[in-house]
Amino acid sequence: MKQPAQPSRRQFLKLSSAAAGVGLAATSPSANAFLFTTTKPARTIKAVVIGTGFGGAVAGLRLGQAGVKTLMIERGQWWRTQANFNVFSANLPADHRSSWFKTLSSPPVKIELPVLPYAGVLDYTDFNGLRTYQGAAVGGGSIVYGGVTVRSPNFVLQSIFNGQVNVSEMETKYYPRAEAIIRASTIPEDLLNTQYYRYAQVFKQHAEKAGYTVKPTPSAYDFDIIRKEINGTIKASAINGETIYGNNNGCKKSLDKSYLQLALNTNNVTIADLTIVDSIKPFGAGYSVFTRKINDWGTTLYYEEIRCEYLFLGAGVVGTNTLLLKAKAEGSLPNLNQHVGTKVGGNGDVTWARTVPEALGAKQAAPLTQTIEDFSNPYGPMTLECAYFPTGIDLRSLVQLGVHFDKDRTGPGTFTYSKWQNKLTMNWPSDAGTKPTQAHEHIVNRLNRINGGISGVPIFITKPSTTRVAHPLGGIPLGLATDAYGRLYGYKRLYVVDGSLIPGSCLANPSLTIAALAERNMETILAQDIRA
């Protein structure tokens, strides 16, 4: 499937105006009853990869390079950026392009606005007080993440994988392999010293004065494009803090520009966007994948069964766990073991903030550039990243994303699938956020005591939040629900390649670890399992 052409500005505005009148009706359950949807004949392909995020993109590329005809299925749209054209929604006010069929845009920092239901880029799922976020686009989470591309510490990898993964090989072989394709880098000093990163300069100064070591944060951004924004030669995007709904100037090195493009270049891989997978089940020696093709306003266009010999699940934690637990509950995959749905965590994420004495300026630019590592924290190891808070006014606020690791409680949540409700549910302990919050507050209190400032940002961020999780992990823990390479126990030729394999937390933004782990697993799977 070829990448769709973008509409002209006039066409886009016309479409948006028309959709505003029909969007709610087009996405209602009753709307499809009056449409003549069709069912296409079943088709067969060697391999199917569900999802185009960090795990799925790696699987797609390596299958394509091995000569395996592969279809990648993605529920979201295929977006294409170009300078000076607003393909994605702005942060404020967010519009329908921001969210995946929601009536409220809802970023991890709580500033919610009403929107029309549409196939936007950011999805969220509520589980009894916990909200998890995931991307919905070709490129998966890489379209909506902050670009942070960091390795998990060795001691964390040793702990979470219980010796199933050779950590030395991750460090010397698989992390470098993923980094070479993603091409992350740290911010150049000349950009860091501009007014747009004043907030990061103050964060670094405060942290160092408090005795913390601050490391530059590698991120998948093209800083030459940001330099053009600052120079005024292209329209502002990153310097406006645009990230969570996509970056309009293409300075984010998302997967559609790296792994996925390389996969397409093999001529063995195709991508079907706006295609929802409803269910999977065994078929012959392989699997059937039952799909719905929709348009961008949610109308079902046709149904299609796709049969494959090898099936790779990279639909993200919510998507992959939904498909597997649904298939188990409905009897399609009854041999999945008792560990499927376990070890679910929020990566120890805590969002918190400080109001500081210094002026920071009205502009806070993407990406994140500075990180504190506090591995001797009395409440457990934590990293603390300085995020941007692009409100357009100077609130003198430093928003901080903390990532906590608790070796004694990795993945405290458990997924189940409710046939009655027809959805994924989660058992999440009420005290799961206690230690991450204590660890974060320990750092914030020290920063305030030494540098001045108060905890929180009045009105916007008044207390630490552990209930909005940008990095959900687990559910299909490697070595428990699968073997050491993501092969699901109980079934042949069925694999998991995404963050579902990582139990609970990896003490880092997990994108690079997901990609490196997928690189490791695919190398063995291709060598041992797959015939081109």
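Predicted model: local features only at pLDDT ≥ 70, side-chain atom pairs only at ≥ 80, totals over all residues.
Two packed helices are described by the angle between their axes and the distance between the axes. The crossing in which α4 passes α11 is right-handed. On the side of α4 the contact is made by Met170, Lys173, Tyr174, Tyr175, Arg177, Ala178, Glu179, Ile181 and Ile182, and on the side of α11 by Leu512, Thr513, Ala515, Ala516, Leu517, Glu519, Arg520 and Glu523. Sorted by class, the residues of this contact comprise 10 that are nonpolar, 1 that is polar and 6 that are charged.

Helix α11 also meets helix α2, residues 54-65, and here the two axes come within 8 Å and cross at roughly 35 degrees. The crossing of α2 and α11 is right-handed. From α2 the residues Phe54, Gly55, Val58, Ala59, Arg62 and Leu63 take part, and they meet Ser511, Ile514, Ala515, Ala518, Glu519, Met522 and Leu526 of α11. The contact of α2 with α11 has 9 nonpolar residues, together with 2 polar and 2 charged ones. Ala515 and Glu519 of α11 are named in the contact with α4, and they are named again in the contact with α2.

Apart from neighbours within four places in sequence, Leu311 is in contact with Val48, Ile50, Ile280, Tyr287, Val289, Arg493, Leu494 and Tyr495. Ala272 is 39 residues away from Leu311 along the chain, and the C-alpha atoms of the two are separated by 15 Å.

Strand β11, residues 286-294, holds Phe290, which has 24% relative accessibility and therefore counts as partly exposed. When residues up to four places away in sequence are not counted, Phe290 touches Ile276, Val277, Asp278, Ser279, Lys281, Glu304 and Glu305. Phe54, which takes part in the contact of α2 with α11, is 236 residues from Phe290 in sequence and 23 Å from it in space, C-alpha to C-alpha.

At 16% relative accessibility, Thr410 counts as buried. Its contacts, leaving aside neighbours within four places in sequence, are with Ile160, Lys343, Phe405, Pro503 and Gly504.

What of the cysteines? A disulfide is a covalent bond between the sulfur atoms of two cysteines, and a search of the whole structure finds 0 disulfides. For Cys251, which is in no disulfide, the nearest cysteine sulfur is that of Cys386, 18 Å away. For Cys386, in turn, the closest cysteine sulfur is in Cys251, and the 18 Å between them is too far for a bond, given that a disulfide requires sulfur atoms within 2.5 Å. Cys251 counts as buried because its relative accessibility is 0%, and Cys386 likewise counts as buried, at 1%.

The last stop is the backbone itself. A cis peptide bond, with omega about -5 degrees, joins Leu92 and Pro93, and Pro93 sits in the loop between β3 (70-73) and β4 (104-105). The peptide bond from Ala366 to Pro367 is also cis, its omega being near 5 degrees, and Pro367 lies in the loop between β14 (349-355) and β15 (370-374).

Two residues other than glycine have a positive phi: Asn347, with a value near 60 degrees, and Arg396, with a value of about 50 degrees. Asn347 is found in the loop between β13 (342-345) and β14, and it counts as buried because its relative accessibility is 0%. Arg396 has its place in the loop between β16 (382-387) and β17, where its relative accessible area of 36% makes it partly exposed.

Terms used. Residues numbered from 1 in each chain as written. Heavy atoms only, no water. Left-handed = near helix turned anticlockwise from the far one by under 90°. Helix = DSSP H or I, 4+ residues; strand = E, 2+ residues; numbered from the N terminus. Contact = heavy atoms within 4.5 Å. Nonpolar A, V, L, I, M, F, W, Y, C, P; charged D, E, K, R; others polar. Buried < 20%, exposed > 50% of the residue type's maximum accessible area, 1.4 Å probe, protein only. Axes fitted to C-alpha atoms, helices over the stretch in contact; angles between N-to-C directions.
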